[in-house]
Amino acid sequence: MATTLENIPVKYSDLISEIETGQVKIPQFQRKFVWGINASAKLLDSILKGYPIGTFIYWRTNERLRSVRNLGNIILPEPKHGEYVNYVLDGQQRLTSLYAALKGIKILNEDNKELDYSQIFIDLKAKGDEPIVITETTGKTEFDFIKVTDLMEEGREIL
């Protein structure tokens, strides 16, 4: 069996869909998800500013590993029999952070503390080099920011 390396650009919406259909899995040998909400906000900030966030390296196979992790503690479906699975070899922290922030899910960290990824916001008044994606809204009015999850779900209607 030959191994090939391919560089395939993927839209974020397709990436989210692949995660939700079980086509993306984390092999058990990968470390646990450790990024906090602030690191996830910085990742989204980089994406919005057009900065590169690196690549995701997958092992694409129709074989099934006996031991896999879901993203964070999110239980995701098994892919259909015979479908390929993309096992994440590099990029798990970024991938899980992106998914958690866009879906606004809660994840238990290693200390059993629940982190609420719905508490990530877009600062509508950010200027210059200021962060666009924030986690703290103290001192801002309700018209200064919008939740990332609200923007993803209701986008155009809100704006």
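These legends go with several close-up views of a predicted protein model.

**About the model.** Because this is a predicted model, local features need pLDDT of at least 70 and side-chain atom pairs count only at pLDDT 80 or more, while totals for chains, interfaces and linings use all residues. Residues are numbered from 1 along each chain as its sequence is written, and side-chain values use heavy atoms, with hydrogens and water left out.

View 1. Helices here are DSSP runs of H or I with at least four residues, strands are E runs of at least two, and both are numbered from the N terminus. Reading from that end, the order is α-β-α-β-β-β-α-β-β-β-β-β-α. Along the principal axes, the C-alpha atoms fill a box of roughly 55 × 35 × 25 Å. Of the 159 residues, 36% are buried; that word means under 20% relative accessible area, with exposed meaning over 50% and partly exposed in between (1.4 Å probe, protein chains only). A contact is a pair of heavy atoms within 4.5 Å. Looking at contacts with a separation of 6 or more, 70% come from residues 24 or more positions apart.

**View 2. Surface and charge of the protein chain.** The chain exposes about 10,400 Å², and carbon and sulfur atoms supply 50% of that. Accessible areas come from the Shrake-Rupley method with a 1.4 Å probe, and for residues only the protein chains shown count as cover. There are 20 positive and 23 negative side chains, counting Lys and Arg as positive and Asp and Glu as negative, and leaving out His and the chain ends. The centres of the two sets lie 4 Å apart, with each charge placed at NZ of Lys, CZ of Arg, CG of Asp or CD of Glu.

**View 3. Helix α2 against helix α3.** Two packed helices are described by the angle between their axes and the distance between the axes. For α2 (residues 37-48) and α3 (residues 92-103), the angle is about 90° and the axes are 9 Å apart. The axes are lines fitted to C-alpha atoms, for helices over the stretch in contact, and angles run from 0 to 180 degrees between N-to-C directions. So α2 and α3 are roughly perpendicular to each other, a label for 65 to 115 degrees; under 35 is roughly parallel, over 145 roughly antiparallel and the rest oblique. From α2, the residues to look for are Ser40, Leu43, Leu44 and Ile47, which meet Arg94, Ser97, Leu98, Ala101 and Leu102 in α3.

**View 4. Helix α1 against helix α3.** Here α1 (residues 12-20) packs on α3 at an angle of about 95°, and the axes are 11 Å apart. That makes α1 roughly perpendicular to α3. On the α1 side you'll find Tyr12, Leu15, Ile16, Ile19 and Glu20, and they meet Leu95, Leu98, Tyr99, Leu102 and Lys103 in α3.

**View 5. Tyr87 in strand β4 and Trp59 in strand β2.** Tyr87 sits in β4 (residues 85-90) and is buried, at 2% relative accessibility. Val24 is 63 residues away from Tyr87 along the chain, yet their C-alpha atoms are separated by 5.9 Å. Not counting residues up to four places away in sequence, Tyr87 touches a list that includes Lys25, Pro27, Trp59 and Val68. Trp59 belongs to β2 (residues 57-61) and is partly exposed, with a relative accessible area of 33%. Leaving aside neighbours within four places in sequence, Trp59 is in contact with Leu65, Val85, Asn86, Tyr87 and Leu89.

**View 6. Glu83 in the loop between β3 and β4.** Glu83 is partly exposed, with a relative accessible area of 27%. Apart from neighbours within four places in sequence, Glu83 contacts Gln23, Thr61, Asn62 and Arg64.

**View 7. Asn112 in the loop between β5 and β6.** Here the loop runs between β5 (106-108) and β6 (114-116). Asn112 isn't a glycine, but has a positive phi of about 65°. At 61% relative accessibility, Asn112 counts as exposed.

**View 8. Leu151 in helix α4.** This helix spans residues 148-158. Leu151 is partly exposed, at a relative accessible area of 28%. From C-alpha to C-alpha, Leu151 and Ile122 are 8.7 Å apart in space and 29 residues apart in sequence.
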